[in-house]
Amino acid sequence: MCSGMGQGIFVLPLIVLLGNIAICKAFANGKTVDATQELIAIGLCNIGNSMMQSFPGSGSLSRSAVNNSSGVRTPFGGLNTGALVIIVLPFFTPCFYYSPKAVLAAVIIAAVVFMVEVRVVKPIWRSKKSDLIPAVATFIACLLLHLEIDILIGIGLKLI
(Lines give C-alpha, C1' and ligand atoms only; values in the text may rest on other atoms or scores of the structure.)
Protein backbone atom coordinates (compact mmCIF):
# COMPACT_ATOMS: atom_id res chain seq x y z
CA MET A 1 0.00 0.00 0.00
CA CYS A 2 2.83 2.39 0.85
CA SER A 3 4.57 1.85 -2.49
CA GLY A 4 1.28 2.42 -4.32
CA MET A 5 0.72 5.77 -2.61
CA GLY A 6 4.24 7.00 -3.24
CA GLN A 7 4.84 10.57 -2.10
CA GLY A 8 1.16 10.91 -1.27
CA ILE A 9 1.75 9.04 1.98
CA PHE A 10 3.56 12.15 3.28
CA VAL A 11 1.53 14.82 1.52
CA LEU A 12 -1.99 13.55 2.29
CA PRO A 13 -1.82 13.93 6.10
CA LEU A 14 -0.35 17.40 5.64
CA ILE A 15 -3.19 18.39 3.31
CA VAL A 16 -5.80 17.00 5.70
CA LEU A 17 -4.35 18.83 8.71
CA LEU A 18 -4.00 22.10 6.79
CA GLY A 19 -7.55 21.68 5.50
CA ASN A 20 -8.91 21.20 9.02
CA ILE A 21 -7.18 24.35 10.25
CA ALA A 22 -8.46 26.24 7.19
CA ILE A 23 -12.01 25.10 7.96
CA CYS A 24 -11.66 26.29 11.55
CA LYS A 25 -10.32 29.67 10.49
CA ALA A 26 -12.93 30.08 7.75
CA PHE A 27 -15.80 29.65 10.19
CA ALA A 28 -14.25 31.27 13.28
CA ASN A 29 -15.74 34.69 12.42
CA GLY A 30 -12.60 36.55 13.46
CA LYS A 31 -12.05 34.67 16.71
CA THR A 32 -8.69 33.09 17.44
CA VAL A 33 -8.23 29.42 16.57
CA ASP A 34 -5.96 27.17 18.62
CA ALA A 35 -4.55 24.88 15.94
CA THR A 36 -2.93 22.64 18.55
CA GLN A 37 -6.28 21.92 20.18
CA GLU A 38 -7.83 21.09 16.80
CA LEU A 39 -5.00 18.74 15.85
CA ILE A 40 -5.09 16.97 19.22
CA ALA A 41 -8.84 16.45 18.86
CA ILE A 42 -8.47 15.04 15.33
CA GLY A 43 -5.60 12.82 16.44
CA LEU A 44 -7.56 11.40 19.38
CA CYS A 45 -10.58 10.79 17.15
CA ASN A 46 -8.43 8.93 14.64
CA ILE A 47 -6.83 6.84 17.39
CA GLY A 48 -10.35 5.88 18.49
CA ASN A 49 -11.29 5.19 14.86
CA SER A 50 -8.34 2.82 14.48
CA MET A 51 -9.48 0.82 17.50
CA MET A 52 -12.91 0.35 15.95
CA GLN A 53 -11.57 -0.51 12.47
CA SER A 54 -13.05 2.71 11.12
CA PHE A 55 -11.86 5.06 8.40
CA PRO A 56 -9.74 8.05 9.44
CA GLY A 57 -11.84 11.13 10.09
CA SER A 58 -11.33 14.77 9.25
CA GLY A 59 -13.30 17.91 8.52
CA SER A 60 -14.86 18.69 5.18
CA LEU A 61 -14.77 22.20 3.78
CA SER A 62 -17.52 21.50 1.27
CA ARG A 63 -19.82 19.92 3.86
CA SER A 64 -19.13 22.75 6.31
CA ALA A 65 -19.86 25.31 3.59
CA VAL A 66 -23.13 23.60 2.65
CA ASN A 67 -24.15 23.50 6.31
CA ASN A 68 -23.19 27.14 6.81
CA SER A 69 -25.08 28.32 3.73
CA SER A 70 -28.09 26.24 4.85
CA GLY A 71 -28.14 27.98 8.22
CA VAL A 72 -26.91 25.05 10.33
CA ARG A 73 -25.34 26.31 13.57
CA THR A 74 -25.10 23.23 15.83
CA PRO A 75 -23.56 19.74 15.67
CA PHE A 76 -27.09 18.38 15.30
CA GLY A 77 -26.80 19.28 11.60
CA GLY A 78 -24.18 16.54 11.16
CA LEU A 79 -26.37 14.03 12.95
CA ASN A 80 -29.32 15.03 10.79
CA THR A 81 -27.26 14.72 7.60
CA GLY A 82 -25.88 11.32 8.63
CA ALA A 83 -29.35 9.99 9.40
CA LEU A 84 -30.66 11.29 6.09
CA VAL A 85 -27.83 9.60 4.18
CA ILE A 86 -28.41 6.31 5.99
CA ILE A 87 -32.12 6.44 5.12
CA VAL A 88 -31.67 7.56 1.48
CA LEU A 89 -28.81 5.29 0.36
CA PRO A 90 -30.60 1.93 0.47
CA PHE A 91 -33.53 3.22 -1.57
CA PHE A 92 -32.14 5.83 -3.97
CA THR A 93 -28.59 4.68 -4.78
CA PRO A 94 -29.64 3.45 -8.25
CA CYS A 95 -31.01 6.92 -9.01
CA PHE A 96 -27.71 8.59 -8.07
CA TYR A 97 -25.77 6.24 -10.33
CA TYR A 98 -26.81 8.22 -13.39
CA SER A 99 -26.13 11.65 -11.88
CA PRO A 100 -23.14 13.14 -13.64
CA LYS A 101 -20.21 14.12 -11.48
CA ALA A 102 -20.69 17.65 -12.78
CA VAL A 103 -24.03 17.85 -10.94
CA LEU A 104 -22.42 16.80 -7.68
CA ALA A 105 -19.57 19.24 -8.24
CA ALA A 106 -22.07 22.03 -8.92
CA VAL A 107 -23.67 21.48 -5.52
CA ILE A 108 -20.30 21.85 -3.83
CA ILE A 109 -19.30 24.86 -5.93
CA ALA A 110 -22.63 26.58 -5.22
CA ALA A 111 -21.95 26.26 -1.49
CA VAL A 112 -18.26 27.19 -1.55
CA VAL A 113 -18.40 30.10 -4.01
CA PHE A 114 -19.69 32.43 -1.30
CA MET A 115 -16.60 31.75 0.79
CA VAL A 116 -14.27 33.37 -1.75
CA GLU A 117 -13.43 36.80 -0.36
CA VAL A 118 -12.19 38.92 -3.23
CA ARG A 119 -12.64 42.10 -1.20
CA VAL A 120 -9.65 41.23 1.02
CA VAL A 121 -7.24 41.50 -1.91
CA LYS A 122 -7.31 45.32 -1.93
CA PRO A 123 -6.39 45.75 1.76
CA ILE A 124 -3.61 43.17 1.40
CA TRP A 125 -2.36 44.96 -1.73
CA ARG A 126 -2.30 48.29 0.14
CA SER A 127 -0.66 46.95 3.31
CA LYS A 128 1.81 44.26 2.20
CA LYS A 129 2.03 43.39 -1.48
CA SER A 130 4.45 40.52 -0.88
CA ASP A 131 1.67 38.50 0.84
CA LEU A 132 -0.20 38.28 -2.46
CA ILE A 133 2.68 36.58 -4.29
CA PRO A 134 2.24 33.13 -2.64
CA ALA A 135 -1.55 33.36 -2.94
CA VAL A 136 -1.54 34.21 -6.66
CA ALA A 137 1.23 31.74 -7.46
CA THR A 138 -0.55 28.93 -5.59
CA PHE A 139 -3.85 29.74 -7.31
CA ILE A 140 -2.22 29.62 -10.76
CA ALA A 141 -0.33 26.43 -9.85
CA CYS A 142 -3.61 24.79 -8.78
CA LEU A 143 -4.96 25.37 -12.26
CA LEU A 144 -1.93 23.86 -13.97
CA LEU A 145 -0.21 21.30 -11.71
CA HIS A 146 -0.87 18.47 -9.27
CA LEU A 147 -2.05 19.27 -5.75
CA GLU A 148 1.17 18.15 -4.03
CA ILE A 149 3.24 20.51 -6.14
CA ASP A 150 0.78 23.37 -5.59
CA ILE A 151 1.04 23.09 -1.82
CA LEU A 152 4.82 22.93 -1.93
CA ILE A 153 4.92 26.04 -4.16
CA GLY A 154 2.66 27.96 -1.77
CA ILE A 155 4.63 26.90 1.32
CA GLY A 156 7.98 27.55 -0.37
CA LEU A 157 7.03 31.03 -1.55
CA LYS A 158 5.61 31.95 1.85
CA LEU A 159 8.81 30.80 3.55
CA ILE A 160 10.93 32.80 1.12
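Predicted model: local features only at pLDDT ≥ 70, side-chain atom pairs only at ≥ 80, totals over all residues.
## Basis of the model

Local features need pLDDT of at least 70, side-chain atom pairs count only at pLDDT 80 or more, and totals for chains, interfaces and linings use all residues. Residues are numbered from 1 along each chain as its sequence is written, and side-chain values use heavy atoms, leaving out hydrogens and water.

## Overall fold

The protein chain holds nine helices and zero strands. Helices are DSSP runs of H or I with at least four residues, strands are E runs of at least two, and both are numbered from the N terminus. The order of elements from the N terminus is α-α-α-α-α-α-α-α-α. Along the principal axes, the C-alpha atoms fill a box of roughly 55 × 40 × 35 Å.

Of the 160 residues in the protein chain, 12% are buried. Buried means under 20% relative accessible area, exposed means over 50%, and partly exposed lies in between (1.4 Å probe, protein chains only). Take the contacts between residues at least 6 apart in sequence: 49% of them join residues at least 24 apart. A contact here is a pair of residues with heavy atoms within 4.5 Å.

## Domains

The chain is divided into domain 1 (6-59), domain 2 (72-115) and domain 3 (117-159). These bounds come from an automatic or database domain assignment. The centres of domain 1 and domain 3, taken over C-alpha atoms, are 22 Å apart. Their contact takes five residues from domain 1 and four residues from domain 3.

## Helices α2 and α9

Helix α2 (residues 8-26) packs against helix α9 (residues 147-159) at an angle of about 60°. Their axes are 11 Å apart. The axes are lines fitted to C-alpha atoms, for helices over the stretch in contact, and angles run from 0 to 180 degrees between N-to-C directions. The crossing of α2 past α9 is left-handed: the near helix is turned anticlockwise from the far one by less than a right angle.

On the α2 side, the contact uses Val 11, Leu 14, Ile 15 and Leu 18. On the α9 side, Leu 147, Glu 148, Ile 151 and Ile 155 meet them. By class, this contact has seven nonpolar, no polar and one charged residues. Ala, Val, Leu, Ile, Met, Phe, Trp, Tyr, Cys and Pro count as nonpolar; Asp, Glu, Lys and Arg count as charged; the others, Gly among them, count as polar.

Asn 20 is found in helix α2. Its relative accessible area is 6%, so Asn 20 is buried. Not counting residues up to four places away in sequence, Asn 20 touches Ile 42, Ser 58 and Gly 59. Ile 42 sits in helix α3 (residues 35-51). Ile 42 is also buried, at 15%. Beyond its neighbours within four places in sequence, Ile 42 contacts Asn 20 and Gly 57. Ile 42 and Asn 20 lie 22 residues apart in sequence and 8.8 Å apart in space, C-alpha to C-alpha.

Gln 53 lies in the loop between α3 and α4 (61-70). Its relative accessible area is 78%, so Gln 53 is exposed. Gln 53 has a positive phi of about 55°, although it is not a glycine. Most residues other than glycine have a negative phi.

## Cysteines

A search of the whole structure finds zero disulfides. The criterion is a pair of cysteine sulfur atoms within 2.5 Å. Cys 95 is exposed, at 52% relative accessibility. Cys 142 is partly exposed, at 40%.
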